[in-house]
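Good morning, and thank you for coming. Please look at the sequence and the structure on the screen while I speak.

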Amino acid sequence: IGYKAFYNCVSMTEMSLPNSLTTIEGTAFSGCTGFTSIVLPDSVKAIGSSAFSGCTNLESINYPASWSSAGSSIFYGCSKLTDMTVPEGVTAIPASAFEGANYLKSVTLPSTLKTIGSYAFEDCKVLNTINFPDGLTTIGYKAFCGCIGIVSATLPDTVTTISGSAFSGCTKLSNFDYPMSWSTAGSGIFNGCSKLTNITVP
């Protein structure tokens with residue numbers, strides 16, 4: 001589905017997408033305020049920048065199992081999209097997948113997840129509930145930067161890499177559990193975390 005293919009089609013309320021679909025380009029459905037629910041086939045591998053931005057009535061959209069490439073601000077301004085479940089079998093969340101999803105409150109991650117990509121949840125300002133599954137190994141650059149709703153981060157001992165600025169600007173973060181296997185760290189991981197007063201090292 002090409003760039004701006006259905007941009008601002010405000011009267012469109014539903015669409016059936018084929019199982020052969022692999023790519024949704026930037027701004028493809030931006031401003032489609034008639035959508036309340038969208039079902040993406042698991043064949044989708046790439047979603048471009050702002051693809052669903054401004055879909056202000058969108059309440060439900062699934063995470064495609066094959067999704068591996070993402071632009072920025074895909075769900076920006078989707079004011080009714082408040083939670084997301086990543087399905088079992090997914091091993092990596094692509095860079096920028098939920099960057100700017102400024103109404104997303106809760107994310108459920110699968111037990112199969114190994115990697116959270118750079119900028120994956122950057123500026124998800126009301127995100128306050130996220131589980132970090134056992135088996136997770138890598139948290140990318142600025143993955144949770146600016147997530148001012150996160151109060152506590154309990155990472156599994158399987159985490160080996162936390163990249164630069166991963167939790168920077170998380171101004172309400174007060175508790176952090178140090179993963180036992182953590183061996184690689186970027187700079188400024190907790191920069192601006194003004195309420196971080198408790199770090200538990202095993």
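A residue is called buried under 20% relative accessible area, exposed over 50%, and partly exposed in between, with a 1.4 Å probe and protein chains only. By that rule Lys 125 is partly exposed, because its relative accessible area is 40%. Asp 123 is also partly exposed, at 28%.

A word on the source. This is a predicted model, in which local features need pLDDT of at least 70 and side-chain atom pairs count only at pLDDT 80 or more, while totals for chains, interfaces and linings use all residues. Residues are numbered from 1 along each chain as its sequence is written, and side-chain values use heavy atoms, with hydrogens and water left out.

Let me return to Lys 125. Which residue forms a salt bridge with Lys 125? The partner is Asp 123, and the closest N and O atoms are 3.6 Å apart. A salt bridge here is a side-chain nitrogen of Lys or Arg within 4 Å of a carboxyl oxygen of Asp or Glu. The count comes to 1 salt bridge.

Next, the strands. Strands are DSSP runs (E, at least two residues), numbered from the N terminus, and two of them pair if DSSP finds at least two bridges between them. An open sheet of 5 strands runs in the order 7-9-11-13-15, with parallel pairing. Strand 7 (92–93) and strand 15 (184–185) are its edges, each pairing on one side only. Within the sheet, strand 11 (residues 138–139) pairs with strand 13 (residues 161–162) over 2 bridges. Thr 138 has Thr 161 as its bridge partner in strand 13.

Now the interior. A nonpolar core is a set of buried Ala, Val, Leu, Ile, Met, Phe, Trp, Tyr and Cys residues joined through side-chain atoms within 4.5 Å. The largest one has 59 residues, and Phe 52, Phe 98, Phe 121, Phe 144 and Phe 167 touch the most other members. Contact means heavy atoms within 4.5 Å. Beyond its neighbours within four places in sequence, Phe 52 is in contact with residues including Ile 24, Phe 29, Leu 40 and Cys 78.

How many disulfides does the structure hold? There are 0, a disulfide being a pair of cysteine sulfur atoms within 2.5 Å. The sulfur of Cys 78 lies 5.2 Å from the closest cysteine sulfur, in Cys 55, and is therefore too far for a bond. Cys 193 is in no disulfide either, with the nearest cysteine sulfur, that of Cys 170, 5.2 Å away. Cys 78 is buried, at 2%, and Cys 193 is buried, at 10%.

Notes
Helix = DSSP H or I, 4+ residues; strand = E, 2+ residues; numbered from the N terminus.
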